Amino acid sequence: MRSVRRGPKSHPSHRDRRGRGLRGLRYPVTAPVFKNRAQRFDDLVLEALEPIEARWGSELTELDLAVDLVPEIEHTDPDAASWPPEVVEDFGVPLAQLVPAGVDRRGLPTRARIVLYRRPLEARSRDGIDLVDLLHEVLIEQIACYLGVEPGSLEGGDKP
């Protein structure tokens with residue numbers, strides 16, 4: 001009787017089994033499609049910040065930027081919530097917050113930072129271009145609050 005197999009194995013271990021296609025990653029990890037929602041949001045934040053940073057970068061060296069998924073809200077009634085001026089909100093939901101420099105629980109100094117809330121911002125935009133515009137507006141308001149100037153002066157006005 002003859003053996004059906006002849007010689008070494010002719011198929012590699014990741015062959016096309018049952019017609020489902022080759023195993024492995026469909027796209028390289030460097031491709032934009034491979035990024036998750038949080039990474040794409042971070043890229044849009046940097047895109048929205050770029051024109052502001054190009055003009056006001058020297059004044060923003062002591063300011064950090066952070067992204068959080070959702071704000072921590074203790075109130076359940078959006079009409080009863082009142083937010084300080086360093087919070088940008090829409091219908092009672094915070095979109096971003098400026099956290100001033102200070103001291104943390106361990107007594108270490110902290111830098112000022114803007115915290116952007118990803119889910120509320122994404123919910124208020126239709127697409128990526130709209131989200132970049134919204135992020136730019138929110139960042140203008142927060143940076144103006146940080147610098148103590150009017151938001152209009154950041155867009156087209158002269159430096160203070």
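Biologist: Which side chain does D104 meet in a salt bridge?

Modeller: D104 meets R106, at 3.5 Å from N to O. A salt bridge here is a side-chain nitrogen of Lys or Arg within 4 Å of a carboxyl oxygen of Asp or Glu. Before going on: this is a predicted model, where local features need pLDDT of at least 70 and side-chain atom pairs count only at pLDDT 80 or more, while totals for chains, interfaces and linings use all residues. Residues are numbered from 1 along each chain as its sequence is written, and side-chain values use heavy atoms, with hydrogens and water left out.

Biologist: Is R106 buried or exposed?

Modeller: R106 is exposed, since its relative accessible area is 68%. The cut-offs are under 20% relative accessible area for buried, over 50% for exposed, and partly exposed in between, with a 1.4 Å probe and protein chains only.

Biologist: How many salt bridges does the structure hold?

Modeller: Six. One of them joins D90 and R124, whose closest N and O atoms are 2.7 Å apart.

Biologist: Where do D90 and R124 lie?

Modeller: D90 is in strand β2 (residues 87–90) and R124 in the loop between α2 (118–123) and α3, so the pair ties together parts that are 34 residues apart in sequence. Helices (H or I, at least four residues) and strands (E, at least two) are DSSP runs, numbered from the N terminus. D90 has a relative accessible area of 25%, so it is partly exposed. R124, at 31%, is also counted as partly exposed.

Biologist: What about R118, which residue does it meet in a salt bridge?

Modeller: E122, with 3.4 Å from N to O. R118 and E122 both belong to helix α2 and are four residues apart, about one turn of the helix. R118 counts as buried because its relative accessible area is 13%. E122 is buried too, at 17%. Salt bridges that share partners join R118 and E122 with R37 into one network.

Biologist: Changing topic. How many helices and strands does the chain have?

Modeller: Four helices and six strands. Along the sequence the pattern is α-β-β-β-β-β-β-α-α-α. Of the 160 residues in the chain, 27% are buried.

Biologist: Which strands pair with β6, starting with the parallel sense?

Modeller: Strand β1 (residues 63–68) pairs with β6 in the parallel sense over six bridges. Two strands count as paired if DSSP finds at least two bridges between them.

Biologist: And how many bridges join β3 to β6?

Modeller: Four, with β3 (residues 93–99) and β6 running antiparallel. In β6, R113 stands opposite V99, and I114 stands opposite L98.

Biologist: How many residues of β6 are buried?

Modeller: Five of the six, so strand β6 (residues 112–117) is mostly covered.

Biologist: In which sense do β2 and β3 pair?

Modeller: Antiparallel, over four bridges. E89 stands opposite P94 in β3, and V88 is opposite A96 in β3.

Biologist: What phi does F91 take in that hairpin?

Modeller: A positive phi near 55 degrees, in a hairpin with two residues between the strands. F91 is not a glycine, and its place is the loop between β2 and β3. With a relative accessible area of 73%, F91 is exposed.

Biologist: Last topic. Which residues form the negative surface patch?

Modeller: D127, D133, E137, E141 and E155. Patch residues have over 30% relative accessible area and no salt bridge; like charges are joined within 9 Å, and nonpolar side chains (Val, Leu, Ile, Met, Phe, Trp, Tyr) within 5 Å. Areas come from the Shrake-Rupley method with a 1.4 Å probe. Asp and Glu count as negative, Lys and Arg as positive, and His and the chain ends are not counted. A charge is placed at NZ of Lys, CZ of Arg, CG of Asp or CD of Glu.

Biologist: Which helix gives the most to the negative patch?

Modeller: Helix α3 (residues 128–147), with three residues. E137 is in helix α3, and at 47% relative accessibility E137 counts as partly exposed.
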